[in-house]
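Please have the sequence and the structure open while reading.

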Amino acid sequence: LKMNYDLCTSLRDSFENANAAMLEAEQTISALDMKVHNELPNRRQELMIERDHTQEAMADARRMMSRMKRRSIPKQCDAYADLTNKRRALRKITKSNRIRRYDIEQLAARCQRPREPKEPKRPESKVVNEDGASRVVPPTDDQMQKYQDRMRDYKKEQKQLPRKQRVYEQCQECHRVTDRFLEVLDKYDHAQALSEELEQRLQVVEAERQEAMQQRSHLAATVPTLQQNKMRAEQAWVPQKVGCLQAIQEYDNQVRKHTAMCAPKMWAQSCEKACLERTAQHGCARVEGTPTDQANTAGGITIKCQPPQPSWVRAPYDMGVPPLNPQAQCSDITRTQAPVFMTPIRKEGWLWKNGRFSGYNKRYFAFEQGHMHRSAMMRYWVQGNPHETAGARERLYKAIIVWDIKDVEDLRKTQVIEGEPRWCFKATLFYRTYTLCAETQQERDEWVSLIIDAMSRRHPENDQ
């Protein structure tokens, strides 16, 4: 049966592989034909249309710059060039075939508005009082000389002011046409850069088309071989197809039946059992909380067994066997594993707590264990024992954080509370001091021991 199964699966796989290879080649050739004859030509046509529009924009900008170079710039900049001795720069622009941005900017770089010169103030005589008498002191020769020099410069600037004003006005006139020319030049440069980019993209499209044509030619050359392979495989498979399918089905049924009987017997040697046993010491879960039976009235955490999938070893469910009952599977798990509660209740009972101002109040305390990342807590309830009194209320925001305790000490003297002597200890926190009293000395010592042990775990290295 196994030999027939191997032979039949070999014939079936050969036929299916040959048929899949032929089908893949035909689909790839069809996709390449679509790419070569439709997709790439359409993309090439779109790029060519965009390139033609860009080249038209370049031609329009080139014609406009040529017209401005021959007419507008000479007309509006001629007078300015004569006034500022920039005739050579103007000729370089109008006669050159290639105009640089630098040349345009130098022709009318910046137009400065002339300022009206300020007439200097003539020095005046001063009145000086000496020995009770007043006399007039005329300006010195040096002051008068400086005044005359400034006056001469003032008159010179006044004389040059009309010419400067004409230079400014002609500069403004020239500047308007050169700014317009630079705008057209920017459009031309942008269109030229876009045209070059479109040319590169057209080359990429052409390269893709050539590559696709080569791939199609290569695949088309392999089609006859693939057809022959498919024909041979089909000739070997089709005559034996009915008998082979029966042999394969019979073999699969025997395998399923044997596996369903054999797999459960291998439980003792299975990886599933070994995994449960090797992780037993760490527990199946670490729970930040307390069990339900220790949680008092603050709620608790219930751990449910919910395996992600049924056990295949105990019941091979893909071999026609019903899946294992979750309760039976959970019994295998809980036999070796149990959740580890990180904050169980280590001790609980009645303590008398000193009031903030005076007196003692009877409270029901529970010492909740901490771990290396969380402090132990002394939780307490008012209005009764939460195990016995339904109305007992926990002071959730008043719990004592043990890591906040700086010092704890036994008090030698007993305190008489409610007519009975009580054994007390004092816990000093950095924000408050608590005095707590127990009914017996043994109770007091147990509470103090738990606090001291939890305080020693304030730093992680103390857990080692």
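## Burial and the model

A residue counts as buried when its relative accessible area is under 20%, as exposed when the value is over 50%, and as partly exposed in between. Cys 77 has a relative accessible area of 0%, so Cys 77 is buried. The model is a predicted one.

## Disulfide count and pattern

How many disulfides does a search of the whole structure find? The search gives five. A disulfide is a covalent bond between the sulfur atoms of two cysteines. With the bonded cysteines counted along the chain, the pairing runs 1-6, 2-5, 3-4, 7-8, 9-10.

Cys 77 is bonded to Cys 174, with an S to S distance of 2.0 Å. This pair links distant parts of the chain: Cys 77 lies in helix α1 (residues 2-84) and Cys 174 in helix α4 (residues 141-237), 97 residues apart. The link of Cys 77 and Cys 174 is right-handed, with 95 degrees about the S-S bond. Cys 174 has a relative accessible area of 0%, and is therefore buried under the 20% cut-off.

Cys 111 is bonded to Cys 171 (S to S 1.9 Å). Cys 111 is at 17% relative accessibility, which is under 20%, so Cys 111 counts as buried. Cys 171 is buried as well, with a relative accessible area of 2%.

## Link between strands β12 and β13

Cys 424 and Cys 437 form a disulfide with an S to S distance of 1.9 Å. Cys 424 is in strand β12 (residues 420-429) and Cys 437 is in strand β13 (residues 433-438), and the two cysteines are 13 residues apart. The link of Cys 424 and Cys 437 is right-handed, with 100 degrees about the S-S bond. Cys 424 has a relative accessible area of 0% and is buried. Cys 437 is buried too, with a relative accessible area of 0%.

## Cysteines in no disulfide

The pattern of bonded cysteines is 1-6, 2-5, 3-4, 7-8, 9-10. Cys 262 is in no disulfide, and the nearest cysteine sulfur, that of Cys 271, is 15 Å away. A disulfide needs two cysteine sulfur atoms within 2.5 Å, which is why Cys 262 is not counted as bonded. Cys 262 is partly exposed, with a relative accessible area of 29%.

Cys 275 is also in no disulfide; for Cys 275 the nearest cysteine sulfur is that of Cys 271, 8.8 Å away. Is Cys 275 buried or partly exposed? With a relative accessible area of 45%, Cys 275 is partly exposed.

## Arg 379 in strand β7

Arg 379 is located in strand β7 (residues 377-382). The relative accessible area of Arg 379 is 9%, which is under 20%, so Arg 379 is buried. Which side chain does the side chain of Arg 379 contact? The partner is the side chain of Glu 368, in a polar contact of 2.7 Å.

Methods: Residues are numbered from 1 along each chain as its sequence is written. This is a predicted model: local features need pLDDT of at least 70, side-chain atom pairs count only at pLDDT 80 or more; totals for chains, interfaces and linings use all residues. Side-chain values use heavy atoms; hydrogens and water are left out. Helices (H or I, at least four residues) and strands (E, at least two) are DSSP runs, numbered from the N terminus. Buried means under 20% relative accessible area, exposed over 50%, partly exposed in between (1.4 Å probe, protein chains only). A polar contact is a pair of N or O atoms within 3.5 Å; within protein, one must be able to donate a hydrogen and the other to accept it, and residues adjacent in sequence count only if both atoms are side-chain atoms.
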